[in-house]
Amino acid sequence: MGRSTIRVALLAAGCAALAGCQTMRDTADSVGTAVSNGWDKLWGSSGNVAVAEVKPTQGSTVSGKVEFKQSGSVVRVSVDLTGFAPGSGHGFHVHERGDCSAPDAMSAGGHFNPEGAAHGSFDHPPHHAGDLPNLKADDKGQVHTTFEVTYLSVGSGGSDVAGRSVVVHRDADDYKSQPAGNSGPRLACGVIVEK
Ligand code: CU
Ligand code: ZN
């Protein structure tokens with residue numbers, strides 16, 4: 001069973017735990033907030049933030065910052081990186097170990113995979129918890145983007161990114177080759193630290 005299916009079930013449980021949830025006649029916004037609050041009670045995770053200072057591996061020029069911010073069941077990922085070839089595409093993942101000490105960042109281990117899933121695409125199961133969308137550099141060789149995922153958490157829970165690492169690869173992830181999408185060597189790495 002994929003992560004998103006599990007989350008849907010838990011979200012429903014959070015709603016059921018709230019008194020009056022089923023009879024609520026408020027606006028859609030209020031209902032959404034109530035469901036988020038139910039989620040936060042289950043997981044103790046409201047607005048938690050973690051940041052990775054991303055440093056180049058040996059021979060690379062890629063560096064910058066990645067931020068993970070949880071709001072209810074959603075984690076917003078903000079990416080600001082420079083030093084790419086203009087227009088290039090790059091695999092981007094959360095890796096298992098918060099250790100970027102090796103010159104090639106192999107110390108970060110494989111993709112963060114608490115559920116023992118296969119590698120895949122972020123937008124449909126099965127995939128690793130650490131599988132994220134490819135990054136696309138602009139004509140200045142920079143990436144400034146944000147996206148949201150529902151299968152990670154920040155500061156608690158089984159898919160907590162804190163203490164892991166983010167890794168940027170030389171090549172784009174094909175979203176299917178095992179175990180890591182054939183995205184080539186590691187260009188940059190940053191340990192994810194909870195704020
Ligand atoms: Cu990776
Ligand atoms: Zn993966």
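What pattern does the protein chain follow when read along the sequence?

## Overall make-up

Read along the sequence, the protein chain follows the pattern α-α-β-β-β-β-β-β-β-β-β, with 2 helices and 9 strands (DSSP runs numbered from the N terminus, H or I of at least four residues for helices and E of at least two for strands). This is a predicted model, in which local features need pLDDT of at least 70 and side-chain atom pairs count only at pLDDT 80 or more, whereas totals for chains, interfaces and linings use all residues. Residues are numbered from 1 along each chain as its sequence is written, and chains are lettered from A and ligands numbered from 1 in the order in which they are written.

An open sheet is formed by 7 strands in the order β5-β8-β9-β1-β2-β3-β7, with antiparallel pairing (at least two DSSP bridges between two strands). Its edge strands, β5 (92-95) and β7 (143-149), each pair on one side only. Within the sheet, β1 (residues 49-56) and β9 (residues 186-194) pair in the antiparallel sense over 5 bridges, and V51 has V193 in β9 as its bridge partner.

## Around G83

G83 lies in the loop between β3 (74-82) and β4 (89-90), and counts as partly exposed because it has 18 C-beta neighbours inside 10 Å. The C-alpha atoms of G83 and S63 are separated by 6.6 Å, although these residues are 20 apart along the chain.

How values were computed: A residue is buried if 20 or more other C-beta atoms lie within 10 Å of its own, exposed if 12 or fewer, and partly exposed in between; C-beta atoms are placed from the backbone.
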